[in-house]
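Visitor: I'd like to learn how to read a structure like this one. Could you walk me through it?

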Amino acid sequence: MQLIYNKIFLEHKAENHPESPARLLAFGDLEQSEIENGKKYLNLVYDDEYINLIKNASAKEMNLDEDTYTNSKSYEVACYAVGAAIKAAKQNDFALIRPPGHHATSNKAMGFCLFNSIAIACKWLNERGKRVLVVDIDGHHGNGTQDIFYKTDKILYLSIHQFPTYPGTGWVNEIGESKGKYYTINVPVQPYTSDDLFVDILSKIIPVIKNQYKPDIVAVSAGFDGHKDDPLLQLNLTVNSYYEVGKLLSANFNNIFACLEGGYNAEVLPHCVSAFLMGVNNEKAKLKFTEQRTTSAANVQREFEARKKSLRLSHDGFWVF
Ligand SMILES: [Zn+2]
């Protein structure tokens, strides 16, 4: 797994906003990849009305909600982000893109997200007969991706995220509907959850999904705002979690690609991404990746066990984890 990057992703910007080009500039002088404009893929998830809404908002540099800005370049940049996500899906690579996408539903831009790049890539794969597993490790719930795939059993959405926090969704009882029942799995964890619990629950769930669902490819919504130094959330993860999750995925699956979502501490973001890549690529951990934080608060541990039980009950024993 290698990074797919292009300087076009620096051109979506607003003053004093946490989702800024600084997040990618922190990676230094990255090699640029040739990326196609992903405009032609938008219809996999979006109708023309929504596409024009984003295009016009961008032309007028309008905000789509109180968090979600556009500038004159945003529409074009978001289209290239979709192109990079498709390229990543073809090559098992990591699309280092902005703006993020996992909060965007099929008809609503929100949470800094305009088009749901990973959802479009999943649909593209799905149309080629692939069963897809989405693993969303961003510290927020990917309500948009959940919403888009809520009624299908061909794309399984698994998310681990802080709860409660923005956007307010992602409780254990949101499990999918009709054909998609049981194909949405939400693991809401409390603020101050550390590496031990985060990695523990994923290492129980992932092998079960592998054996029972048998995905052809895994799409990782790779957000890193669960890091202990992130300004937007209160999780207590170190880079170790991202290394371990990468390792866990590569131990279980052959085809893995990823798209950058959140992660708002520009200083730590490159370390998180590099730890994740090293995990996926089965490289030996650098010393600093092995430091693991343990969840110390007894109430957080107790609540974790209670939620794990509720998660099992919500799924009526469909998944045995
Ligand atoms: Zn996030």
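Visitor: What radius of gyration does the protein chain have, and what would a compact globule have?

Guide: The radius of gyration is taken over C-alpha atoms, and the globule rule is 2.2 Å times the number of residues to the power 0.38. For 321 residues that rule gives a value near 20 Å; the protein chain has 18 Å, which agrees with a compact globule. Along the principal axes, its C-alpha atoms fill a box of roughly 50 × 45 × 35 Å. Keep in mind that this is a predicted model, where local features need pLDDT of at least 70, side-chain atom pairs count only at pLDDT 80 or more, and totals for chains, interfaces and linings use all residues. Residues are numbered from 1 along each chain as its sequence is written.

Visitor: How many helices and strands are there in the protein chain?

Guide: Helices (H or I, at least four residues) and strands (E, at least two) are DSSP runs, numbered from the N terminus. Here you'll find nine helices and seven strands.

Visitor: What percentage of the residues count as buried?

Guide: You count neighbours: a residue is buried if 20 or more other C-beta atoms lie within 10 Å of its own, exposed if 12 or fewer, and partly exposed in between, with C-beta atoms placed from the backbone. By that count, 52% of the 321 residues are buried.

Visitor: How many residues of α4 are buried?

Guide: Nine of its ten, so α4 is largely enclosed by the rest of the structure. Among them are Ile118, Lys123 and Trp124. What covers the buried residues of α4 includes α3, β3 (132-136), α5 (143-148), β4 (155-162), β6 (217-222) and β7 (256-260).

Visitor: At what angle do the axes of α3 and α4 cross?

Guide: Axes are lines fitted to C-alpha atoms, for helices over the stretch in contact, and angles run from 0 to 180 degrees between N-to-C directions. Helix α3 (residues 74-91) and helix α4 (residues 117-126) cross at roughly 45°, and their axes come within 8 Å. Angles under 35 degrees count as roughly parallel, over 145 as roughly antiparallel, 65 to 115 as roughly perpendicular and the rest as oblique. So α3 and α4 are oblique to each other.

Visitor: Which residues of α3 and α4 meet?

Guide: Two residues are in contact if their C-beta atoms, placed from the backbone, lie within 7 Å. On the α3 side you have Ala81, Val82, Ala85, Ile86 and Ala89, which meet Ser117, Ile118, Ile120, Ala121, Trp124 and Leu125 in α4. By class, this contact of α3 with α4 has ten nonpolar, one polar and no charged residues. Ala, Val, Leu, Ile, Met, Phe, Trp, Tyr, Cys and Pro count as nonpolar, Asp, Glu, Lys and Arg as charged, and the others, Gly among them, as polar.

Visitor: Is Ala89 buried or exposed?

Guide: Ala89 is buried, with 26 other C-beta atoms within 10 Å. Leaving aside neighbours within four places in sequence, its contacts include Trp124, Ala219 and Phe257. Ala89 and Ala258 are 169 residues apart in sequence, yet 7.7 Å apart in space, C-alpha to C-alpha.

Visitor: How do α7 and α8 pack?

Guide: Helix α7 (residues 239-252) and helix α8 (residues 269-280) pack at about 25°, with their axes 6 Å apart. That makes α7 roughly parallel to α8. Their contact residues divide into eleven nonpolar, four polar and two charged.
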